[in-house]
Amino acid sequence: MTALVEETVVARTREATLLELRQLSVEYAVGDRPVRAVDGVDLEIRAGEIVGLAGESGCGKTTVANAVLQILRPPARVVGGSVLFRGEDLVGKSTEELRRFRWRNVSMVFQSAMNALNPVMRVGDQFADMMRAHERISKRRALAAAADLLELVGIDRRRLRAYPHELSGGMRQRVIIAMALALEPELVILDEPTTALDVVVQREILQQVQDLQRKLRFAVLFITHDLSLLLEVAHRIAIMYAGELVETAPAERLAANAQHPYTQGLLQSFPPLGGPLTRLTGIPGSPPDLRDPPSGCRFHPRCPHCRPDDIVLYLRQTGERPLLREIEAGHQVACHLVAGGEE
Amino acid sequence: MSAAAPLEVRDLTKRFPVGNALRRAHVHAVDDVSFELRPGTITALVGESGSGKSTVARLLARLYDPSEGAVLFEGSDVSRVRRRRDVLRYRSKVQIIFQDPFGSLNPVKTIRHHVERPLRIHRIVPRAQVEEHAHELLRTVGLVPAEEVAAKYPHELSGGQRQRVAIARALAVEPKVVLADEPTSMLDVSIRIGILNLMLKLKEEREIAFLYVTHDLASARYVADDILVMYAGQIVERGPVEQVLAEPLHPYTRLLLAAVPDPAKKAERIEPRKGLAAAAVDPPDGCRFLTRCPLAIDVCSRITPPLVEAQPAQSARCHVTAPST
Amino acid sequence: MSQLDPTIDLSLAAPPRRARGRLGLRVPGWLVLLLRNRKSRTGLAMVGFMVLVAVIAPLISVAHPTDFNLLAARQAPSWHHLFGTTDQGSDIFSQVVLGARRSLLLGAAAGALATGVAAILGITAAYSGGLVDEAVSFLTNVFLTIPPIPLLVVASGYLKNRGMGTMIVVLAVVLWAFEARILRGQALSLKSRDFIQAAKASGESTPRIVVAELMPNMISRIAAGFVLVFYIALLTDAGLEFLGLGDMTKTSWGVTLYWAQTNSTVLQGEWWPFFFPGAALAFTVLGLVLLLAGIDEVSNPRLRTERRQRRRLLLALVGGRLAARAEAAA
């Protein structure tokens, strides 16, 4: 169903695990009570795989991305778990080791990065600057490499001499993507890469990313709040809510058989373009304030299945945090209503 | 059926000057736009950034003055009225909701202030009843308990809640027309439906004429009855929403449809071509979609296509799919 | 480093509006902010001290400032005359302490008047645009090009009435234009914000928008402007009096300095008629300047240099890159 899936699930599981997050927890020390922006997240990304991370504002997905690259700055810090890249834990590595790792093994396209380009420097010079910060090469070679990269993302080489404001939003975003690919990383993290762009440009960027991914075979962690994008582009999708991972599944399984009420609610939030038109319900309420999150299952205040009439279940939902359990191959859910495959 | 259209727009044009005194040029942000808004209907105005759709909304809200054309409200042209009394009367019937929930509320004023001000300015209810009426408005938009919410400041509310406050503020004057300028694009996905459903409810219960400005075709389909598609300042297609989305005439509409993420169908590849949806500076004659159009023929570069009704109730601005005979 | 490096910025909802101090008092948010910042805290304390002195001045001054006693003339500071006496025997301590009243009152009034006029004209011009803006801008430019000191000298020279009221008006007239331009600029950027457009679309009148919607969002800049005009007025007034252009019958720091100058006291080795009024003036102005710096820092978080950054900067300048690197690794 998903246009992009070319390999079978079985074949993919044989690929090496590139990145593994094990019970990752990140806290922000703000005010008297620290805020758990990320709480016990387990996630795996294999070589060449596109993994989508979806969630609404404040769910912690950008924090996860920053934790992978170890670019969290105080008051944020990792308080638990590990970030394993090819088996090595990045938490606790020295600045020098991390510097060599960043951009070379894992790179990132930040949110609104296209607005982060220096307006008074030519694009080519910024490219060269960035490359020379990571490798000892001459400016001439850096510019030549930059020209090649621009061509790779479908921009005329001569645009190296342009200033950022002379390029359209979509082109600037492609420049940023090209910069992220400069050192041929194995994993690219895209944090809301198309949010500020128009729908047609968004489609062009997505196509570009897919083409590049097929050609260069890097893995992608695609972070967005737009689940419909992921359903089209990703191999596997992980859903985050209030700092926790609530469901992970291959894209087609998620679309067909989402188990977590939040995922179901999210899928219910996209009006269809074709087919019958029915009243949608969305999800009532709003994402919780992480300084004072709901007890037990963090989704329970908004969950249609949390009602006091079933008192035993209600007590569990409000008191006990549900654990991520695998209900079928590759499909995990953290919900009291779904218990390890059995009813 | 319903009475005459409360708001009618005729040949609306807005040009913004660019450049300096030596080389004065103009951006044709809105060019020759005509449509009407009928009570109890939602009309979607769809386009990408720079297409002019927000400018249209602001022109109708009289936050800008048009360069040419007329805005007819209940028969008379309001676009050039100057007398405060007349302007105030217009503002009591036509309201606007902005895109940014974080920017459309004054950060140093309470919610009560925002909702009560229109009530006081337009003397909607006697002074003694203003507070209770304001609470009632908050309840109408789903913000309860109203007394608690009224005492809060904008930064204490979430984006969705702020947008509901903006809607309550717009409803305070009991408007006939509400211009919603991308009211959900800055909100979380799960909250958007709530706002859209609120619009549908208000349209049905209060017979308000909505103009729903958006770049999201799917939400336009969900709420709107009619759709207007804008490109580079012009309307390029119009008609009932189901009809236009099922059988789009204009190549740009088709491009938009192909670009929207839809997990239900297999993704079509679109070819990137040069050209922007944004309004151009002093555009020459000819179709503005020319550089991106797969159907372009010779006449497209010379003559600006007029809006032609090629199907019943559906018009498009294209020499190929909606030729003027 | 590449400017693509992110700065992790966590913006949670703002902390609760009113912090409850240890005494359980409801301290307004702005005061808390000012007290937290070191510069403004110091400035506030200094100015506060001066205000206190001015308030209790009649209680602590031992003699009437203009009483003269030739027998006690030109005496150095002693327990009897804390700041010494003038050449005519007047007590300098009383002069300084009572002079504080005039200086502070004058500075505050001139500040308030100038800032008030600047705010109303500048913000209205920015919001209304068109002819109103052009007229006000023209007016502002005219006043900006007039050199203040010569204008003040000429005005004071010609004016018969040199009382405090006149001084206040003259100072306000000279100083309002600068603030007006700044406030106009800020209002211009606020004008296009949606909540102002929303107020307009609701039917709010221009005066109400200027006063009730725009001004409350510009408080920090207006407050900063007030403090600025305050200390400039203070200095200018003292300067004018020092030149002999003020009201010589009143007690003020500038007048004391004037007499100190004309009687050539320093040449005779008498430092106290100069030192004490001068120190009082400098102390007050320093307090105001610190307060201003603190307000600026609180309003614009980017100006706040963290301690570590500052230390590193200092080390880099003094100890070279090696020292800075060592500090960074720590």
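In the predicted model, B:Val229 sits opposite B:Glu237, a residue of strand 10 of chain B. Strand 10 (residues 234–240) runs antiparallel to strand 9 of chain B, and six bridges hold the pairing; two strands are taken to pair if DSSP finds at least two bridges between them. Strands here are DSSP runs of E with at least two residues, helices are runs of H or I with at least four, and both are numbered from the N terminus.

Both strands belong to an open, eight-stranded sheet in chain B with the order 6-7-8-3-9-10-12-11 and mixed pairing. From one strand to the next, the twist averages 20°. Helix 1 (residues 53–60) of chain B lies across strands 3, 6, 7, 8 and 9, and runs at about 150° to strand 8. For such angles, axes are lines fitted to C-alpha atoms (for helices, over the stretch in contact), and values run from 0 to 180 degrees between N-to-C directions.

Strand 9 covers residues 226–231 and includes B:Asp226. The side chain of B:Asp226 makes a polar contact of 3.0 Å with that of B:Arg38. A polar contact is a pair of N or O atoms within 3.5 Å; within protein, one must be able to donate a hydrogen and the other to accept it, and residues adjacent in sequence count only if both atoms are side-chain atoms. Setting aside neighbours within four places in sequence, B:Asp226 also has B:Ile42, B:Thr43 and B:Gly239 among its contacts (heavy atoms within 4.5 Å).

Turning to the interface, chain C brings 18 residues to the contact and chain B brings 25. Together they bury about 1,900 Å², 50% of it on carbon and sulfur atoms; buried area is the accessible area (1.4 Å probe) lost when two parts are put together, summed over both. Two salt bridges cross this interface, given a side-chain nitrogen of Lys or Arg within 4 Å of a carboxyl oxygen of Asp or Glu. B:Arg117 and C:Glu204 meet in a salt bridge at 2.7 Å, N to O. On the chain C side, helix 7 (194–202) and helix 8 (206–214) each supply at least two of the residues touching chain B. The largest share, seven residues, comes from helix 7.

Residues are numbered from 1 along each chain as written, chains are lettered from A and ligands numbered from 1 in written order. Local features need pLDDT of at least 70 and side-chain atom pairs 80 or more, while totals for chains, interfaces and linings use all residues, and side-chain values use heavy atoms, without hydrogens or water.
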